[in-house]
Amino acid sequence: MVEEQIQIIFHKTRNDDARQYEQDEIRALLWRLSKKLHSRFPITSIEVGVDFPKNMAGKGKSYDITLKLTLASGDVFVSHGKSKIAKVKGVGLGTAVREGFKDIEAQYRKTKTQ
């Protein structure tokens, strides 16, 4: 199973009640996104940073995601994802992760075609 083979490390996450929910959501999404790449080129770890900056009124407007993916070959890819959120907690988090992962896949394809 991909879940048991890829180590997902969180460096920065929110410190409120939604933290564990966000980590679980990100972990599940990254496992799904990384299956195809992992089957061809084993991924040893994915490092994740989640920032949820707030404005002066204390309201969060976006998620900033940092992803660092390390392959068994030693190749490392880093990306950032950003997404506006709706009023519902967590909406936009998946979009930011997907955006960051798409960027990593594009970097990977670019290096492998050179």
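How far apart are the end C-alpha atoms of helix H3 (residues 93–112), and what span should its 20 residues have?

1. Basis. This is a predicted model, in which local features need pLDDT of at least 70 and side-chain atom pairs count only at pLDDT 80 or more, while totals for chains, interfaces and linings use all residues. Residues are numbered from 1 along each chain as its sequence is written, and side-chain values use heavy atoms, with hydrogens and water left out.

2. Length of H3. The end C-alpha atoms of H3 are 29 Å apart, which agrees with the 28 Å that its residues should span at 1.5 Å a residue. The expected span is 1.5 Å times one less than the number of residues. Helices (H or I, at least four residues) and strands (E, at least two) are DSSP runs, numbered from the N terminus.

3. Sides of H3. The buried residues of H3 are Leu 93, Gly 94, Ala 96, Val 97, Gly 100, Phe 101, Ile 104 and Tyr 108. They cover an arc of only 160° around the axis, so they lie on the same side of H3; the arc is that of the directions from the helix axis to the C-beta atoms. Lys 102 and Lys 110 are exposed, on the face turned away from the buried side. Buried means under 20% relative accessible area, exposed over 50%, and partly exposed in between (1.4 Å probe, protein chains only).

4. Core. The largest nonpolar core has 25 residues, and Ile 8, Ile 26, Leu 30, Ile 46, Val 48, Leu 67 and Leu 69 have the most contacts inside it. Strand S1 (7–12), H2, S2, S3 and H3 each supply at least two of its residues, and H3 gives the largest share, six residues. Such a core is a set of buried Ala, Val, Leu, Ile, Met, Phe, Trp, Tyr and Cys residues joined through side-chain atoms within 4.5 Å.

5. Strands S2 and S3. These pair in the antiparallel sense over eight bridges; pairing requires that DSSP finds at least two bridges between two strands. Val 50 has Ile 65 in S3 as its bridge partner. Seven of the ten residues of S3 (residues 62–71) are buried, so S3 is largely enclosed by the rest of the structure.

6. Phe 41. Phe 41 lies in the loop between helix H2 (19–40) and strand S2 (43–51) and is partly exposed, at 34% relative accessible area. Leaving aside neighbours within four places in sequence, Phe 41 is in contact (heavy atoms within 4.5 Å) with Leu 71 and Tyr 108.
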